Amino acid sequence: MECNRLRGLMGFPIDYEMGRALQAHGQCRGEALFNATKDYVVKIVCKNAAGEECGFFNGFFYHDTEPYIITTARIIGFEGACQYTMMLFDGTKLSKEYAREVVKCNFALDVAVFRCVIRLPHPPSSKAAVVGISHTVFVVGFEGHSDAQLTFNEGRVTHMSFDGTFSTSAYADAGVSGAPVFNMDGYFVGMVKSGEVTYIKQPVCVGATSIHAALVSEPHPLPGLH
């Protein structure tokens, strides 16, 4: 721990037990945050007209009563995609008949909304929050094309923009596009925007308030949202 190192340099006794306790607390909190947020995330596989897979993205449940799934707008027509199959964390697949309805898309903000035509069991809507510079955030999403396991990456907010986006030091590759971002309290704070490269060194995220404003704005505000 940095605090203990500084205390040692200054000649003060080092409380190793406190350091171990703080480290254990951080690990337990991270595990609790992952367990509290993993069920929001879905994996979206894109297929072209021939039924061939042509890409995948992340998405997440957004609302309690309406089965909205938020993801990046780049998914629309990606590499000729016209079919979208979604998979929940427990391995349950949602076929294109259940997940094909795109109800809103904002290419400028890089946000698209799917609406499943059936009711799905999903967690209650996460509370939203606004992040600030140096705040700790967590990206939860699928990274590998055939990987059925979620990743949980921690980082800090490194840049805030006036357009409602922010950058984070959390690791992310291009496959994490569309993944939700949470703060240390488990509140939803943003979504990872799409990337053009294999590895996104400083992933840019759309802030939660910008996403919600886009969903309720004209034209065609989404019903059921306030």
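This report walks through a predicted protein model, from its overall make-up to single residues.

## Overall make-up

The protein has 226 residues, and buried residues make up 46% of them. Its secondary structure comes to 4 helices and 15 strands. The accessible surface is about 11600 Å². Carbon and sulfur atoms account for 57% of that surface.

Start with strand β1, which covers residues 41-47. Of its 7 residues, 6 are buried, so the rest of the structure largely encloses this strand. Strand β2 covers residues 53-61. In β2, 8 of the 9 residues are buried, so β2 too is largely enclosed by the rest of the structure.

Which way do these strands pair? β1 and β2 run in the antiparallel sense, with 7 bridges between them. Together they form a hairpin, and 5 residues lie between the two strands. Glycine 51 sits in the turn, with a positive phi of about 85 degrees. Lysine 47 has glutamate 53 in β2 as its bridge partner.

β1 also pairs with β4, again in the antiparallel sense, over 6 bridges. β2 pairs with β3 in the antiparallel sense over 3 bridges. In that pairing, phenylalanine 60 stands opposite isoleucine 70 in β3.

Tyrosine 68 is found in strand β3. Is tyrosine 68 buried or exposed? Its relative accessibility is 1%, so it counts as buried. Tyrosine 68 and glutamate 101 are 33 residues apart in sequence. In space, their C-alpha atoms are 9.9 Å apart.

## Single residues and their cover

The table lists relative accessibility for several residues. Buried means under 20%, and partly exposed means between that value and 50%.

| Residue | Relative accessibility | Class |
|---|---|---|
| Tyrosine 68 | 1% | buried |
| Isoleucine 76 | 31% | partly exposed |
| Cysteine 105 | 31% | partly exposed |
| Valine 139 | 1% | buried |
| Serine 167 | 11% | buried |
| Cysteine 205 | 0% | buried |

Valine 139 lies in strand β8, residues 136-142. What does valine 139 touch, beyond residues up to four places away in sequence? Its contacts are Thr151, Phe152, Asn153, Ala170, Val176, Ala179, Pro180, Val181 and Val192. One of these is phenylalanine 152, which is 13 residues from valine 139 along the chain. The C-alpha atoms of the two are separated by 5.8 Å. At 1% relative accessibility, valine 139 is buried because the cut-off is under 20%.

Serine 167 lies in strand β10, residues 165-168. Its relative accessible area is 11%, so serine 167 is buried as well. Which residues does it contact, leaving aside neighbours within four places in sequence? They are Arg156, Val157, Thr158, His159, Gln202, Pro203 and Val204.

## A nonpolar patch on the surface

Now turn to the outside. Ile76, Val102 and Phe107 form a nonpolar patch on the surface. Together they have about 260 Å² of accessible area.

Where is isoleucine 76 found? It is in the loop between β3 (68-71) and β4 (83-88). Its relative accessibility is 31%, so isoleucine 76 counts as partly exposed. A residue joins a patch with over 30% relative accessible area, so isoleucine 76 passes that cut-off.

A disulfide is a covalent bond between the sulfur atoms of two cysteines. How many disulfides does the structure hold? The count is 0.

The cysteines do differ in cover. Cysteine 105 is partly exposed, at 31% relative accessible area. Cysteine 205 is buried, at 0%.

Notes
Residues numbered from 1 in each chain as written. Predicted model: local features only at pLDDT ≥ 70, side-chain atom pairs only at ≥ 80, totals over all residues. Heavy atoms only, no water. Patch = residues over 30% accessible without salt bridge, like charges linked within 9 Å, V, L, I, M, F, W, Y side chains within 5 Å. Areas by Shrake-Rupley, 256 points an atom, 1.4 Å probe, with all protein chains shown as cover. Salt bridge = Lys/Arg side-chain N within 4 Å of Asp/Glu carboxyl O. Buried < 20%, exposed > 50% of the residue type's maximum accessible area, 1.4 Å probe, protein only. Contact = heavy atoms within 4.5 Å. Pairing = 2+ DSSP bridges. Disulfide = S-S within 2.5 Å.
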